[in-house]
Amino acid sequence: MSQQLVITAIGTDRTGIVSKLARLVTDYNANIIDSRMAVFGNEFTFIMLVQGDQAAISKIEYLIPSLGSELDLTTMTKRTTARPRTQVVAHYVLDYSGPDRVGTLGAITGLLASHNIYIGSLQSATAINNDNTVQLHSQITVEIPLGINPSAIETAVMALLNDLNLNGTFAMR
């Protein structure tokens, strides 16, 4: 029976880390179902969802700490199961930018949570403009479940963006 394992790793960024982590998974005939990688400051971060039979998952789970130590990474694993699928009306992308302020992401994600909107992915970054102001740019992919009116969510999101002095779009993907 197929099993799943979430693997996370963080450490000083350098070339070859993803290759070695992926090689461990494929050496035991497991499959990487999903993965994300980012560099924050000088820190490499990686998360992947691995699927395989019980023996493969157990072996990978056992070997990850030693590979992490060899690569000077902090690693963590957690067994999981496939996410139950909900009936989704549509996938939308919320893309916004503007002045960076404390609490912006919390306000926006709080609004989505209050409407039971599932966040599928989130990317957010800041940059300093020529006038030394800090600008935020974020992109959030959401799933609007059956029974929730996408137009009502769009209206609420756009009103909040306006209140926060942000420019953005909320469009079907």
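How do the residues of the lining of the second largest pocket divide into nonpolar, polar and charged? Point 6 takes this up. The model is predicted.

1. Four strands make up an open sheet, and their order is 2-3-1-4. The pairing is antiparallel. Strand 2 (31-40) and strand 4 (73-80) are the edge strands, and each of them pairs on one side only. From one strand to the next, the twist averages 15°.

2. **Strands 1 and 3.** Strand 1 (residues 2-12) and strand 3 (residues 43-53) run antiparallel and are joined by eleven bridges.

3. **The hairpin of strands 6 and 7.** Strand 6 (residues 118-128) runs antiparallel to strand 7 (residues 134-145), with ten bridges between them. Thr126 stands opposite Leu136 in strand 7. Five residues lie between the strands of this hairpin, and Asn132 takes a positive phi near 65° there.

4. **The largest pocket.** Its volume is about 560 Å³. The lining has 17 residues, and the closest to the centre are Asp34, Arg36, Leu49, Arg83 and Tyr118. Strand 1, strand 2, strand 3 and strand 6 each give two or more residues to this lining. Strand 2 gives the most, with four residues. By type, the lining of the largest pocket has eight nonpolar, five polar and four charged residues.

5. **The second largest pocket.** This pocket holds about 440 Å³ of space. It is lined by 15 residues; nearest its centre lie Arg36, Ala38, Phe40, Leu122 and Gln123. The elements giving two or more residues to the lining are strand 2, strand 3, strand 6 and strand 7. Now the opening question: the lining of the second largest pocket divides into seven nonpolar, seven polar and one charged. Arg36 deserves a look in both places. It is among the closest to the centre of the largest pocket, and Arg36 is also among those nearest the centre of the second largest pocket.

6. **Thr141.** Beyond its neighbours within four places in sequence, Thr141 is in contact with Tyr92, Val93, Tyr118, Ile119, Gly120, Ser121 and Arg173. Tyr118 in that list is also one of the residues closest to the centre of the largest pocket.

7. **Positive phi in two loops.** Asn29 is not a glycine, yet its phi is positive, near 60°. Asn29 sits in the loop between helix 1 and strand 2. With a relative accessible area of 71%, Asn29 is exposed. Asp72 is not a glycine either, and has a positive phi of about 60°. The loop between helix 2 and strand 4 holds Asp72. Asp72 is exposed, at a relative accessible area of 57%. Both calls rest on the cut-off for exposed, which is over 50%.

Notes. Residues numbered from 1 in each chain as written. Predicted model: local features only at pLDDT ≥ 70, side-chain atom pairs only at ≥ 80, totals over all residues. Heavy atoms only, no water. Pairing = 2+ DSSP bridges. Axes fitted to C-alpha atoms, helices over the stretch in contact; angles between N-to-C directions. 1 Å grid on protein atoms, 1.4 Å probe; cavity = no way out; pocket = protein on both sides within 12 Å on 5 of 7 lines; lining within 4 Å. Points joined across faces, edges and corners; volume = space filled by probe spheres on them. Nonpolar A, V, L, I, M, F, W, Y, C, P; charged D, E, K, R; others polar. Contact = heavy atoms within 4.5 Å. Buried < 20%, exposed > 50% of the residue type's maximum accessible area, 1.4 Å probe, protein only.
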